[in-house]
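Open the model in your viewer and keep the selection tool at hand. We go stop by stop.

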Amino acid sequence: MDIILWPPKDSSESLIYGLDWTEALAGDPVISAAWTVPAGLTTSNEVTAGYSTALTIAGGDSGKLYTLVCTVETADQTINQTVQLQIN
C-alpha cells in the first residue's frame, strides 16, 4: 500500500486522524488494530469500527515529519498501512 500523508498539525494541537479500510479489505471488517507510533507523539482514544480505524494524536516537534504504521487484522488477513504526519 502507498504511504498516506495526513494533513499537518501544530505541535500544540490534539487532533483525530483515521483510516478507511473499505477498499483494502473487500468486505472483511477490521477485528483489531494496532498502531506503531514514534517517540514524540502522544496518542489516545484509539477506535476500531467496521472498516475504519482512528486515534487522537497530540504533541510532536515543530518541523518534523513522523511516520506511523497501523496494522489491522480481519478474519482472513493482516494488512499494514504507513502514514506520515508533518508537525508545523
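Rings of Phe, Tyr and Trp (its six-membered ring) pair if their centres lie within 6.5 Å; planes under 30 degrees apart count as stacked, over 60 as edge-to-face and the rest as tilted. This is a predicted model: local features need pLDDT of at least 70, side-chain atom pairs count only at pLDDT 80 or more, and totals for chains, interfaces and linings use all residues. Residues are numbered from 1 along each chain as its sequence is written, and side-chain values use heavy atoms, with hydrogens and water left out.

Select Trp 6, Tyr 17 and Trp 35. Ring pairs link Trp 6, Tyr 17 and Trp 35 into a cluster. The count is 2 aromatic pairs. Trp 6 and Tyr 17 are stacked, because their ring centres are 4.9 Å apart and their planes at 25 degrees. Trp 6 is in strand 1 (residues 4-9) and Tyr 17 in strand 2, 11 residues apart. Strands are DSSP runs (E, at least two residues), numbered from the N terminus. Trp 6 and Trp 35 form a tilted pair: 5.9 Å centre to centre, 45 degrees between the planes.

Colour by accessibility. Buried means under 20% relative accessible area, exposed over 50%, partly exposed in between (1.4 Å probe, protein chains only). Trp 6 is buried at 6%, and Trp 35 is buried at 12%.

Next, the sheet. Its 3 strands run in the order 2-5-4, open and antiparallel. Two strands pair if DSSP finds at least two bridges between them. Strand 2 and strand 5 (residues 52-59) pair over 7 bridges.

Finish at Ala 58, in strand 5. Its relative accessible area is 22%, so Ala 58 is partly exposed.

How values were computed:
Helix = DSSP H or I, 4+ residues; strand = E, 2+ residues; numbered from the N terminus.
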